[in-house]
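Please view the sequence and the structure together while reading.

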Amino acid sequence: MSHAAPPGRRARSGRPGRRRTGRIVLLTLLALVLALGGTAWWLYSDLNSNIAAVDLDKALGKNRPEKQAASGQNLLILGSDSRAGANASLGTGQAAGARADTALVVHIPEGRARATAVSIPRDTLVTRPECAKDDGSTLPPAKRVMFNSVYSTAGPACVVKTVEAMSGVRMDHFMEIDFAGFKGLVDAIGGVTVTVGEPIEDKSSGLSLTKGTHKLDGTQSLAFVRTRHGVGDGSDLGRIGLQQQFMVALLGEIKRQDLLGSPTKTYRIADRLTESLTTDAELASLTALADFGQSLQAIDPSTMETVMLPVAYDKADPNRVVPAEPQAGALWKALRDDRPVPESARKSPATGG
């Protein structure tokens, strides 16, 4: 959830590494909580109507990667930076439209006992395939477009199609949450505690933290995951590290509070989350989300890892990055074959940060 890099500033990406992530567990845990919370039908109906849906089969057609036998499940999770609606009052700037500034391809192998999340740097130059727009018109294909611009140009279905085209991995499901949903979720659980090793002062995000441990509310948490100028050398590497740190802390807070034991808090959190949640049509109901979440119960959060897509600085534009080969190809092949990502596919030539 971040701004596009300003012209002339290097938007650097860092070394891929094993980082824990709680995002997928959080979403699926909440889905399970919703189904088991025992809420009355009118509450269920109210929450169910909050969820927006994207019909991927209709939008993408049949020109997609084939589903491989025994290849597990693949989920694309997007964090959008829209400033519209409830997002406008969050101090996130005045940029028009929305971008998918956080993108995770989550691979859940057959058997569902572990998971791998691949982070796609927002400034990666990609080839955008031909896409259908919401107004019924067709967007022609284009080369060397910035990944996070695909969302604002043609919507989430085109992001899914772009990811499938660059990876050869078929996305079974899609989820998106915006700024307001993120902030509301943190406020609903009463804040999240993080520890920073150095002071953070970032006028752009509004974040000001001394060295040490802090309990962040929703507004502070949003600034924390968006800050860039106050950490490291000002590149995206520091921000990505903070995002991963925060998600681990958020998951820990969810588990500590034992949400299944508090129907009132469960409903409050579910209401905040579903208002800002968009999914594919197959997941766009509480029962579908719950079924999906229940199928992931065997996954141990401590075994989950996040790998950054290996990238190199673009030779024509050093402010951008491109997928590094053969590392990126080997990473996607591992997901298609439902195998662990080899160590050689984790090394990124772009080492900023």
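## Overall make-up

The model is predicted. The protein has eleven helices and 17 strands, and 57% of its 353 residues count as buried. Among contacts with a separation of 6 or more, 73% are between residues 24 or more positions apart. The exposed surface comes to about 14700 Å², of which carbon and sulfur atoms supply 51%.

In soluble globular proteins, nonpolar side chains tend to be buried together. The largest nonpolar core here has 37 residues, and within that core V105 and W332 touch the most other members. Two or more residues come from each of α3 (56–60), β2 (73–80), β3 (100–108), α4 (149–154), α5 (156–167) and α11 (327–336). Another core lies apart from this one; it has 25 residues, including F179, V186, L209 and M247.

Leaving aside residues up to four places away in sequence, V105 touches L75, L76, T116, A117, V118, I120, V163, M171, W332 and L335.

## Helix α5

Helix α5 has twelve residues and spans 17 Å from its first C-alpha to its last, close to the 16 Å expected at 1.5 Å a residue. The helix is mostly covered, with ten of the twelve residues buried. Just after the helix, G168 adopts a positive phi of about 75 degrees.

## The disulfide and its surroundings

The structure holds one disulfide. It is formed by C131 and C158, whose sulfur atoms are 2.1 Å apart. The torsion about the S-S bond of C131 and C158 is about 75 degrees, so the disulfide is right-handed. C131 belongs to strand β6 (residues 131–132) and C158 to helix α5, so the pair ties together parts that are 27 residues apart in sequence. Both C131 and C158 are buried.

C131 is also among the contacts of L139, a residue that touches R128, P129, E130, C131, K133, T153 and A154 when residues up to four places away in sequence are not counted. L139 is found in strand β7 (residues 138–139). Its relative accessibility is 11%, so L139 counts as buried, the cut-off being under 20%. L139 and R128 are eleven residues apart along the chain, and their C-alpha atoms are separated by 9.4 Å.

## Aromatic pairs

The structure holds two aromatic pairs. In one of them, the ring centres of F182 and F246 are 5.5 Å apart and the planes lie at 45 degrees, so the pair is tilted. F182 is in helix α6 (residues 179–188) and F246 in helix α8 (residues 236–256), so this pair ties together parts that are 64 residues apart in sequence. F182 is buried, with a relative accessible area of 4%, and F246 counts as buried at 0% relative accessibility.

In the other pair, F224 and F246 have ring centres 6.1 Å apart and planes at 45 degrees, so that pair is tilted as well. F224 lies in helix α7 (residues 218–226) and F246 in helix α8, so the pair ties together parts that are 22 residues apart in sequence. F224 is buried, as is F246. F182, F224 and F246 form one aromatic cluster.

Note on methods:
Residues numbered from 1 in each chain as written. Predicted model: local features only at pLDDT ≥ 70, side-chain atom pairs only at ≥ 80, totals over all residues. Heavy atoms only, no water. Core = buried A, V, L, I, M, F, W, Y, C linked by side-chain atoms within 4.5 Å. Buried < 20%, exposed > 50% of the residue type's maximum accessible area, 1.4 Å probe, protein only. Helix = DSSP H or I, 4+ residues; strand = E, 2+ residues; numbered from the N terminus. Contact = heavy atoms within 4.5 Å. Expected span 1.5 Å × (residues − 1). Disulfide = S-S within 2.5 Å. Areas by Shrake-Rupley, 256 points an atom, 1.4 Å probe, with all protein chains shown as cover. Phe/Tyr/Trp six-rings, centres within 6.5 Å; stacked < 30°, edge-to-face > 60°.
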